[in-house]
Amino acid sequence: MRVLVCFGLLVSATAHAQLSAEATDRCVHAAVKIVMLADGRGGSTGSGSLIDPRGYVLTNFHVVGHVHPETGVPGTLHNAQNRVLMATVDSARQAARPRWRGVVVRGDARLDLALVRIVADSDGTPIEGAPFPTVPLAATDDLRPGSRVWAFGFPLGVRTINVTEGSIAGFQMNARDQVSWLRSDAEFNPGNSGGMLVDREGRLIGVPTRVFHGRGRALEPVELARPVERVPQAWLNDLRRGHIEDVQIRGAPAVREGGSLEDVAVGDHGTVGAPDQHFYRLEPRRSGTLRITPPLPVAIMRGNNVVREGQGEVEVQADDPDELIVSVLIPNAGEQAVSYEVALEARPVEVATEETGPATVEEPTPAPTQPATVVVRGVVANAISGQAVSNAWVLVAEPGVDLEAALRAFLSGEISETSFRRQLAATARSDVQGGYSLGPLLPGRYRAAALARGYRPSLLTLTTGTDPLVNIGPIELRP
């Protein structure tokens, strides 16, 4: 099985000060080994830290999803079903073994941070926030260059936890005077992505994330850890309010034909001396001129290959593949915040008249002639207990699509997530009460399915008429 290893990490250095036995044991118990199985293409492995006794693990987003077009659409998960396997140890001499199943509930591809919630044991038995050992969080205020730090994690090929020592080499600040990266003089190893970097009191201060390799006459490679003080405050607020039931991931924003969006770069996404690089998705069946204001280097990428590039603008063709990603480079964002606009302008077309000859006009906007659409609402419930099933996916196929066959091919890895989604007319996810809302759909007859972790898929037929809102009976799922 091929393993996707993104940016390596873990610290090693000569020992001077030592952690107390109590702090060491706490960190060992709170360290997590993460395995995110990919859809038919191997998987990703990394480390994490338990930061909430109800079972919430902080890690890097690249451990559970994509942060660069080289591996996939930034902001999407390696596993479309959002299945995360986790292993822990009871002592430093114990080999890590799978114990828990989890789901990604929060993610930020630009900050490369993610929050995973443990929801079941390795056998699939649901748990309700059993008290887990945790490591406390700490800001970087007390750190100085030379401050001793320790890293806990599970490098590739190592079955037991690995603990090494290093020091803080410096800080990389962003345009808002926040610490963007902690620089370390220690070596980071593959497999410790998302792991634990702690201070002398055993408090989590950073998430080891990547290694910057200098070129030419540059000095030794620079190891970078994302400070935990950069964990979005909204995530911590959600934790304080109770269990996080929904999934929110900040990835690559979508740019639609005729639309625009505003963005800002502050120096968080780039590494040492490198510009920020922001990514955007292009909606299917679009064409025109993609314009960046003020003019910044822009490229259309397919994977790690540049298809077209320009300064401030680049052309988008109607027959371009759907999986293309827009890349915008923002130099010097760490020195001063850079605000800019991304717009996809409709392409003008050539027309000719007898009086004036060829002329250039904008494509006319067709008047809305589509028939009225329908929204379908309902709930997903456990067929045995009748209780609501949250986080269930409800999928509706395009007319004529054999949904059962398409679903089987997708789950077995025969077709990609992109190919599968093209066959769907609508998708929705159930809330904590099991409720969902699908649409808009055109009146007609559709094949639909409901999926949830720990349950067998349920297939059904939806028939919509002219009523704008249709409420259907519960979709029952059997464990």
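Predicted model: local features only at pLDDT ≥ 70, side-chain atom pairs only at ≥ 80, totals over all residues.
Pro69 counts as buried, because its relative accessibility is 6% and the limit for buried is under 20%. The chain has 479 residues, and buried ones make up 48% of them. It holds 5 helices and 33 strands. Among contacts between residues at least 6 apart in sequence, 67% join residues at least 24 apart.

**Pro69 and its surroundings**

- Pro69 sits in the loop between helix H2 (61-64) and E5.
- Setting aside neighbours within four places in sequence, Pro69 is in contact with Pro74, Phe279, Met301, Gly303, Asn304 and Ile325.
- Pro69 and Val326 are 257 residues apart in sequence, yet their C-alpha atoms are 9.2 Å apart in space.

**The largest cavity**

- The structure holds 2 cavities of 30 Å³ or more.
- The largest cavity has about 50 Å³ of space.
- Which residues line the largest cavity? They are Val67, Pro74, Ala109, Arg110, Gly251, His269, Gln277, His278 and Phe279.
- By class, this lining divides into 4 nonpolar, 4 polar and 1 charged.
- Pro74 and Phe279 are among the lining residues, and both are also in contact with Pro69.

**The second largest pocket**

- The second largest pocket has about 960 Å³ of space.
- Its lining has 36 residues, and the closest to the centre are Val119, Ser390, Arg453, Gly454 and Tyr455.
- Which strands each supply at least two residues of this lining? Among them are strand E5 (84-88), strand E6 (97-108) and strand E7 (113-121).
- The lining of the second largest pocket has 19 nonpolar, 10 polar and 7 charged residues.

**The largest nonpolar core**

- In soluble globular proteins, nonpolar side chains tend to be buried together.
- The largest nonpolar core here has 52 residues.
- Val64, Met86, Phe152 and Met196 touch the most other members of this core.
- E7 gives the largest share of the core, with 7 residues.
- What does Met86 touch, not counting residues up to four places away in sequence? The list is Val32, Lys33, Ile34, Val57, Arg97, Pro98, Arg99, Trp100, Arg101, Gly102, Val116 and Ile118.

**The aromatic pair**

- A pair of aromatic rings is described by the distance of the centres and the angle of the planes.
- The structure holds 1 aromatic pair.
- Why is the pair of Trp100 and Phe132 edge-to-face? The planes of the two rings stand at 75°, and planes over 60 degrees apart count as edge-to-face.
- The ring centres of Trp100 and Phe132 are 5.0 Å apart, so they lie within the 6.5 Å limit for a pair.
- The pair links distant parts of the chain, 32 residues apart. Trp100 is in strand E6, and Phe132 is in the loop between E7 and strand E8 (148-153).
- Trp100 and Phe132 are both buried.
- Trp100 is also one of the residues that Met86 touches.

**Ser47, a buried serine**

- Ser47 has its place in strand E3 (residues 43-52).
- Ser47 is buried, because its relative accessible area is 0%.
- Apart from neighbours within four places in sequence, Ser47 is in contact with Val32, Ile34, Thr59, Gly153, Phe154, Gly191, Asn192, Ser193, Gly194 and Gly195.
- Val32 and Ile34 are in contact with Ser47, and Met86 touches both of them as well.

- The peptide bond from Thr293 to Pro294 is cis, with omega near -5°.
- Pro294 is in the loop between strand E18 (288-293) and strand E19 (297-302).
- Asp112 is not a glycine, yet it has a positive phi of about 60°.
- Asp112 lies in the loop between E6 and E7.
- Is Asp112 buried or exposed? Asp112 is buried, because its relative accessible area is 0%.
- Asp177 is not a glycine either, and it has a positive phi of about 60°.
- Asp177 is found in the loop between strand E9 (162-173) and strand E10 (179-184).
- Asp177 counts as exposed, because its relative accessibility is 62% and the limit for exposed is over 50%.

Note on methods
Residues numbered from 1 in each chain as written. Heavy atoms only, no water. 1 Å grid on protein atoms, 1.4 Å probe; cavity = no way out; pocket = protein on both sides within 12 Å on 5 of 7 lines; lining within 4 Å. Points joined across faces, edges and corners; volume = space filled by probe spheres on them. Helix = DSSP H or I, 4+ residues; strand = E, 2+ residues; numbered from the N terminus. Nonpolar A, V, L, I, M, F, W, Y, C, P; charged D, E, K, R; others polar. Core = buried A, V, L, I, M, F, W, Y, C linked by side-chain atoms within 4.5 Å. Buried < 20%, exposed > 50% of the residue type's maximum accessible area, 1.4 Å probe, protein only. Contact = heavy atoms within 4.5 Å. Phe/Tyr/Trp six-rings, centres within 6.5 Å; stacked < 30°, edge-to-face > 60°.
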